[in-house]
Amino acid sequence: MFELSLFNVAQFTDQGLSILGTFLLTSISAKTRMYGFVVFLLVNIPGIYLLIVTELWWILAVTPLWLYLNYRGYINNYREYRSTKVTVT
């Protein structure tokens, strides 16, 4: 039977945000991909909680690298979005 606990809510939130982020990252639009990167940054919140509870501390060692790569992707997509933005007058 399903038990409503903080751990289960964190698992559902983590997986739901991961699916949404993956969906957004597959877009052709740079603006939509930026939202995908934002969603993946939000995945860290329940993800870090799950790592602490399950005592998988060694995975936290790669979190700064993962955040850096997400930041770079976000900035690159923002630059692409700004360069392709067409203003209609």
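N44 counts as buried, at 15% relative accessibility. This residue sits in helix 2, which spans residues 30-53. The model is predicted. It holds four helices and zero strands, and the order along the sequence is α-α-α-α. With a radius of gyration of 16 Å, well over the 12 Å that the globule rule gives for 89 residues, the protein is more spread out than a compact globule.

- N44 falls under the 20% limit for buried residues, because its relative accessibility is 15%.
- Leaving aside residues up to four places away in sequence, N44 touches T63, W66 and L67.
- From N44 to A30 the C-alpha distance is 22 Å, across 14 residues of sequence.
- N70 also counts as buried, at 5% relative accessibility.
- N70 belongs to helix 4, residues 63-84.
- The contacts of N70, again without residues up to four places away in sequence, are F37, F40 and L41.

**The aromatic pair**

- The structure has one aromatic pair.
- Its partners are F40 and W66, arranged edge-to-face, with 6.4 Å centre to centre and 75° between the planes.
- F40 lies in helix 2 and W66 in helix 4, so the pair ties together parts that are 26 residues apart in sequence.
- F40 is buried, at 14% relative accessibility.
- W66 is partly exposed, with a relative accessible area of 32%.

**Nonpolar surface patch**

- F2, L4, V9 and F12 form a nonpolar patch on the surface.
- Together these four residues have about 470 Å² of accessible area.
- F12 lies in helix 1, residues 6-25.
- F12 is exposed, because its relative accessible area of 58% is over the 50% limit.

**Overall shape and surface**

- Along the principal axes, the C-alpha atoms fill a box of roughly 60 × 30 × 15 Å.
- Of the 89 residues, 28% are buried.
- The accessible surface comes to about 6,700 Å².
- Carbon and sulfur atoms own 69% of that surface.
- Among contacts with a separation of 6 or more, 58% join residues 24 or more positions apart.

Note on methods. Residues are numbered from 1 along each chain as its sequence is written. This is a predicted model: local features need pLDDT of at least 70, side-chain atom pairs count only at pLDDT 80 or more; totals for chains, interfaces and linings use all residues. Side-chain values use heavy atoms; hydrogens and water are left out. Patches are made of residues with over 30% relative accessible area and no salt bridge: like charges are joined within 9 Å, nonpolar side chains (Val, Leu, Ile, Met, Phe, Trp, Tyr) within 5 Å. Accessible areas come from the Shrake-Rupley method with a 1.4 Å probe; for residues, only the protein chains shown count as cover. A salt bridge is a side-chain nitrogen of Lys or Arg within 4 Å of a carboxyl oxygen of Asp or Glu. Helices (H or I, at least four residues) and strands (E, at least two) are DSSP runs, numbered from the N terminus. Buried means under 20% relative accessible area, exposed over 50%, partly exposed in between (1.4 Å probe, protein chains only). Contact means heavy atoms within 4.5 Å. Rings of Phe, Tyr and Trp (its six-membered ring) pair if their centres lie within 6.5 Å; planes under 30 degrees apart count as stacked, over 60 as edge-to-face and the rest as tilted. The radius of gyration is taken over C-alpha atoms; the globule rule is 2.2 Å times the number of residues to the power 0.38.
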